[in-house]
Amino acid sequence: MHLGKFVFAQIVEFLPRYEFEKCVKRYKGDFHTKSLNSYNHLLQLIFGQITSCTSLRDICLCLKAHQNNLYHLGIRQQVNQSSLSRANEKRDYRIFQDFGYHLIEQVRPLFAKERTPLIDLDETIFALDSTSISVSINLAAWASGKYSRGAVKMHTLLDLRGNIPTFIHISDGTWHDSNAMDYIQFESNAVYTMDKAYVDLTALNKMDSIGAYFVTRAKSVMRYRIIETMDTNEDGILADQLVMLTGHKSSRLYPKPLRIVQYRDAETNEELTFMSNNMDISALDIANIYRNRWQIEVFFKWIKQNMTVKRMWGYSENAVRIHLWTAIISYLLMAKIKANLQTEYSITEVARILGVSALAKTPIRELLAKDQPTIENQNVKELKLF
């Protein structure tokens, strides 16, 4: 007898299946499909991500062991490893990509009221960076990396309100980070923080033209002349200057004033030089915006520790993209559950709790309630030892 729903079945109820089926129809994902349709394919991969299965074999083994409960888990059909592998190789990855972007549109507004640490600004703040995942160059010949090794890069733009990814681009390891800026739809009045790898003056000029702001590290070889020096008495701020680039090429690529802020970190005593086109906020705000860029490093660390991405479930370009997008969908699913249930647990804690409870039959609202009821005043007669 099945009393209550499995935790995994409750999790997948947060998936907008109608929107997923629209993506499937758009790319004919179920055309001539006999054994494994797109939705069951997605559910089995999400099951693998949530329960930290390290391979397709592990996913199939776990589902086969619970084949009598598959219907109650929400999975309509259990398949073998070969069928799941073929689906990863042949099913269009854009189904998962488009569905991931739809989830992003759903989840971002749920965290719109979140505040960025150390910053009191109304503008949305984004962090841009990439992370590399090592793969075998023999198995993934398309994913060339440095030093004749294989690598896959995941370029990510992160909304720091809730740490929700808004842009994902997957490439081989040799693809330069700054190329991702050509694919991003920048928002006016938003602030983008990034490291020196993204100092592409053409892209930065384009950002300034549409009314977006950037905060990045200035390269040590950058040549400029000082137009104005602003007074500042903020802690850690060494200089706040308005400058014009003087290099032959750089002055043509970015012919507008820039703001240079020199800052000394009190903890490490390291001196940092920041570059921005925002002339209205304080110099300390610029330093704190860049400090919050570290949140994207935390996001990458979380994905690698809590989602299964270090070991791929397939090595063709299509299979790798499906794998990584499934990891992002699983992360967004945890964020959506956290926001909808208004739990005090972090996304990391939500993922950990639901992962170990996937085959339990406890309402997830109970699992994610921090204040569990305690039993008090028990009328139990204790025996005396002496």
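A search of the whole structure, which is a predicted model, finds 0 disulfides. Cys53 takes part in no disulfide, and the cysteine sulfur nearest to its own, that of Cys62, lies 4.3 Å away. Because a disulfide is counted when a pair of cysteine sulfur atoms is within 2.5 Å, the distance of 4.3 Å between the sulfur of Cys62 and its closest cysteine sulfur, in Cys53, is too far for a bond.

The two residues can also be described by their accessibility: Cys53 counts as buried, with a relative accessibility of 4%, whereas Cys62 is partly exposed, with a relative accessible area of 31%.

## Helix H11 and its two sides

Helix H11 spans residues 294–306 and has 13 residues; from its first C-alpha to its last it reaches 18 Å, which is close to the 18 Å expected at 1.5 Å a residue. The buried residues of H11 are Ile296, Phe299, Phe300, Trp302, Ile303 and Asn306. Seen down the axis of the helix, these buried residues fall within an arc of 160°, so they line one face of H11.

On the face turned away from this buried side, H11 carries the exposed residues Trp294, Lys301 and Gln305. The buried residues of H11 pack against both helices and strands, namely helix H3 (38–50), helix H12 (317–341) and helix H13 (347–356), together with strand E1 (125–135), strand E2 (150–159) and strand E3 (164–172).

## Asp177 in a loop

Asp177 is found in the loop that runs between E3 and strand E4 (191–194). With a relative accessible area of 11%, Asp177 is buried, because the cut-off for that class is under 20%. When residues up to four places away in sequence are not counted, Asp177 touches Ser130, Lys153, His155, Ala197 and Tyr198.

## The chain as a whole

The chain has 14 helices and 9 strands, and its C-alpha atoms fill a box of roughly 80 × 70 × 40 Å when taken along the principal axes. Of the 386 residues in the chain, 53% are buried.

Among the contacts in the chain with a separation of 6 or more, 63% are accounted for by residues 24 or more positions apart. The chain exposes about 20100 Å², of which carbon and sulfur atoms supply 47%.

Key
Residues are numbered from 1 along each chain as its sequence is written. This is a predicted model: local features need pLDDT of at least 70, side-chain atom pairs count only at pLDDT 80 or more; totals for chains, interfaces and linings use all residues. Side-chain values use heavy atoms; hydrogens and water are left out. Buried means under 20% relative accessible area, exposed over 50%, partly exposed in between (1.4 Å probe, protein chains only). Helices (H or I, at least four residues) and strands (E, at least two) are DSSP runs, numbered from the N terminus. The expected span of a helix is 1.5 Å times one less than its number of residues. The arc is that of the directions from the helix axis to the C-beta atoms. Contact means heavy atoms within 4.5 Å. Accessible areas come from the Shrake-Rupley method with a 1.4 Å probe; for residues, only the protein chains shown count as cover.
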